[in-house]
Amino acid sequence: MFELLYTSISPAGLSEVELMRMLKQWRLKNQALDITGMLLYHDREIMQILEGEEDKVKALFQTILLDNRHRNIEVIYEGNIKDRAFSEWSMAFKLIDENIIKIISAGYEEFNLKMSPITMIKESPNRGKKTFLTLRDML
């Protein structure tokens with residue numbers, strides 16, 4: 001089993017309605033590929049973790065690299081895992097709002113309130129998966 005965590009910027013931004021419509025399509029595609037994971041969205045910033053067979057995850061990521069809804073794509077982490085963390089979701093989703101920001105920044109007094117939550121997670125990669133797991137457990 002393999003996982004990949006990346007961030008990107010949506011140049012035009014995505015409304016909640018657009019996200020919900022696209023999530024339906026993405027979930028069907030992930031289900032067909034036996035890929036699971038979670039997507040976070042906040043103010044044009046995307047962070048996603050994908051898990052599945054390595055070749056399928058990497059192939060899906062290549063399509064993301066070519067998707068014009070993503071810019072400044074950065075892989076934060078990729079590697080082998082023993083078990084899936086998101087086995088129940090073809091793609092779990094959280095729109096990051098003020099309540100979520102409070103949850104993910106708790107205990108991190110150095111959190112810069114002017115920094116986006118996704119940038120905050122990105123600056124401390126070991127927090128990336130922990131944040132996803134915390135949010136998963138809230139679903």
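How many bridges join strand 1 to strand 4? In this predicted model, seven bridges link strand 1 to strand 4 (residues 71-80), and the two run antiparallel; in strand 4, Asn80 is the bridge partner of Phe2. Strand 1 also pairs with strand 3, again in the antiparallel sense, over eight bridges, and here Ser8 stands opposite Ile46 of strand 3. Seven of the eight residues of strand 1 are buried, so this strand is largely enclosed by the rest of the structure.

The structure holds one aromatic pair. The ring centres of Tyr6 and Phe61 lie 5.4 Å apart with their planes at 55°, so the pair is classed as tilted. Because Tyr6 belongs to strand 1 (residues 2-9) and Phe61 to helix 2, the pair ties together parts that are 55 residues apart in sequence. Both partners fall under the 20% cut-off for burial, as the table sets out.

| Residue | Relative accessibility | Class |
|---|---|---|
| Tyr6 | 0% | buried |
| Phe61 | 8% | buried |

Turning to open space, the largest pocket holds about 220 Å³. Of the 14 residues that line this pocket, Trp26, Leu60, Ile64, Asp67 and His70 are the closest to its centre.

Notes:
Residues numbered from 1 in each chain as written. Predicted model: local features only at pLDDT ≥ 70, side-chain atom pairs only at ≥ 80, totals over all residues. Heavy atoms only, no water. 1 Å grid on protein atoms, 1.4 Å probe; cavity = no way out; pocket = protein on both sides within 12 Å on 5 of 7 lines; lining within 4 Å. Points joined across faces, edges and corners; volume = space filled by probe spheres on them. Phe/Tyr/Trp six-rings, centres within 6.5 Å; stacked < 30°, edge-to-face > 60°. Helix = DSSP H or I, 4+ residues; strand = E, 2+ residues; numbered from the N terminus. Buried < 20%, exposed > 50% of the residue type's maximum accessible area, 1.4 Å probe, protein only. Pairing = 2+ DSSP bridges.
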